[in-house]
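Student: I have a model open and would like to talk it through with you. Can we start with the overall picture and then go to single residues?

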Amino acid sequence: WGERRGLSFAMRDAFVDTGLAHVLAISGLHMGIVAWSFYKLVLFMLLVSPRMRNTGFPTRWAAGVTLFVVWVFVSSIVTSPATLRAAVVITFFLVGSLLGRRGDPLRTLAWAATLLLIVDPSVAFTASFQLSFSAALGILLAHRGLMAFIQDYEQKTWTPLGRFRRSILSLVTLNAAAWCVTTPLCLAFFGQISFAGLLVNLGLLPLASLVVIPVAFVYTAATVISPGLGEFLSEMTDLILSFFLDLVDGWAQLIPSSQTAAIGHLVGLSVTLIVLANLARSTRARRASLAVLLLIGSLHTSSPSESLRVSMFDVGHGDAALIQTP
């Protein structure tokens with residue numbers, strides 16, 4: 001539900017140091033699981049009923065019900081630009097299913113960003129918006145490049161990769177793309193960089209998405225439907241969650257802290273744009289990103305600010321402030 005008050009400061013730091021902080025945010029991972037699960041469940045129930053099966057539009061009915069459930073879920077959780085981005089993107093796909101059309105993922109992501117900016121233009125400057133959309137765009141561009149690589153490889157070698165090898169290659173590639181795109185922004189906004197995140201995400205992210213989050217949702221739904229059923233599932237749920245937290249904490253004990261010196265936000269944003277331009281495999285985009293980097297670099301190294309700056313830090317216990325004079 002996006003509620004983090006039950007986590008200790010040490011456990012939150014463990015998620016950050018292992019590069020798994022995104023698991024704590026309600027974003028595309030969680031929304032995708034909710035939407036996909038409800039869509040498949042509703043579609044199964046419709047196909048079981050002969051009357052609904054004979055209507056000829058079970059997929060549209062399933063899309064409509066899922067669309068309603070997604071926004072009920074969004075209205076009941078702690079939302080962020082990442083949550084809204086995921087919800088809007090899913091909405092576009094479900095509406096496309098209702099109309100019998102399939103939209104382009106990149107265009108859908110662009111429309112989602114446009115809608116959020118129309119509602120609140122200032123959201124463009126937030127960490128959640130920039131991290132969420134840059135990660136999603138990086139994953140989409142990397143996936144497109146990966147599919148082209150696989151197709152070229154299979155045509156040249158006449159050897160199909162198979163589902164298992166495709167899945168492993170996809171997991172490694174998309175995880176690396178998301179890390180490369182978001183790391184400059186994490187350095188700029190939070191002064192954090194987790195090299196171990198590349199490795200830890202490969203093992204723990206599938207566990208979170210395929211086991212931990214689905215089990216948590218099933219437990220929550222079972223508790224609402226029947227307290228007795230929820231009590232029956234509580235021990236298994238607690239065991240799985242404890243196992244996952246122990247793994248995160250264990251990895252955090254083995255690796256150094258992710259805290260480091262922060263870089264300028266414009267520099268971090270420009271590096272992210274360059275990574276995205278290279279993932280797009282467009283010569284024009286690469287040249288444009290290089291020009292943007294040179295421009296931002298020249299502005300960043302210009303005369304210092306003439307204003308007084310006071311930065312407040314969340315240190316967990318007490319207050320911390322940094323006062324920077326001209």
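Predicted model: local features only at pLDDT ≥ 70, side-chain atom pairs only at ≥ 80, totals over all residues.

Student: What share of the residues counts as buried, and what is the accessible surface made of?

Tutor: Of the 326 residues, 33% count as buried, while the accessible surface comes to about 19,800 Å², with 67% of that belonging to carbon and sulfur atoms. As for contacts between residues at least 6 apart in sequence, 65% of them join residues at least 24 apart.

Student: Switching to the surface: which residues make the nonpolar patch?

Tutor: Phe38, Leu41, Phe44, Met45 and Val48 make a nonpolar surface patch of about 520 Å². Leu41, for instance, lies in helix 2, which covers residues 28–48, and Leu41 counts as partly exposed because its relative accessible area is 45%, a value between the 20% and 50% limits.

Student: Now rings. How many aromatic pairs does the count come to?

Tutor: The count comes to six aromatic pairs. One of them is formed by Phe15 and Phe244, which is tilted, with 6.3 Å from centre to centre and 50° between the planes. That pair links distant parts of the chain, since Phe15 belongs to helix 1 (residues 9–17) and Phe244 to helix 10 (residues 227–254), 229 residues apart.

Student: Are Phe15 and Phe244 buried or exposed?

Tutor: Both Phe15 and Phe244 are buried.

Student: What about Trp179 and Phe195, why is that pair called tilted?

Tutor: The ring centres of Trp179 and Phe195 are 5.8 Å apart and the planes stand at 45°, so the pair is tilted; an angle under 30 degrees would count as stacked and one over 60 as edge-to-face. This pair also links distant parts of the chain, with Trp179 in helix 8 (residues 163–189) and Phe195 in the loop between helix 8 and helix 9 (197–225), 16 residues apart. Phe195 counts as exposed because its relative accessible area is 58%.

Student: Let's do charges. How many salt bridges does the structure hold?

Tutor: The structure holds two salt bridges. In one, Lys156 pairs with Asp152, and their closest N and O atoms are 3.3 Å apart; both residues lie in helix 7, four residues apart, which is about one turn of the helix. Lys156 is exposed at 63% relative accessibility, whereas Asp152 is partly exposed with a relative accessible area of 34%.

Student: And which side chains meet in the other?

Tutor: Those of Arg166 and Glu154 do, at 3.3 Å from N to O. Here distant parts of the chain are linked, as Arg166 lies in helix 8 and Glu154 in helix 7, twelve residues apart. Arg166 is partly exposed, with a relative accessible area of 31%.

Student: What is the phi of Trp158?

Tutor: Phi of Trp158 is near 55°, a positive value in a residue other than glycine. Trp158 lies in the loop between helix 7 (127–157) and helix 8, and Trp158 counts as exposed at 76% relative accessibility.

Student: Last topic: where is Thr237 found, and what does Thr237 touch?

Tutor: Thr237 is found in helix 10 and is buried, with a relative accessible area of 5%. Leaving out residues up to four places away in sequence, Thr237 touches Val215 and Tyr219. Thr237 and Val78, by contrast, are 159 residues apart in sequence and 22 Å apart in space, C-alpha to C-alpha.

Student: How far apart are Ser257 and Ser194?

Tutor: Ser257 and Ser194 are 63 residues apart in sequence and 8.0 Å apart in space, C-alpha to C-alpha. Ser257 lies in the loop between helix 10 and helix 11 (265–280) and counts as partly exposed at 46% relative accessibility.

Notes:
Residues numbered from 1 in each chain as written. Heavy atoms only, no water. Patch = residues over 30% accessible without salt bridge, like charges linked within 9 Å, V, L, I, M, F, W, Y side chains within 5 Å. Areas by Shrake-Rupley, 256 points an atom, 1.4 Å probe, with all protein chains shown as cover. Salt bridge = Lys/Arg side-chain N within 4 Å of Asp/Glu carboxyl O. Helix = DSSP H or I, 4+ residues; strand = E, 2+ residues; numbered from the N terminus. Buried < 20%, exposed > 50% of the residue type's maximum accessible area, 1.4 Å probe, protein only. Phe/Tyr/Trp six-rings, centres within 6.5 Å; stacked < 30°, edge-to-face > 60°. Contact = heavy atoms within 4.5 Å.
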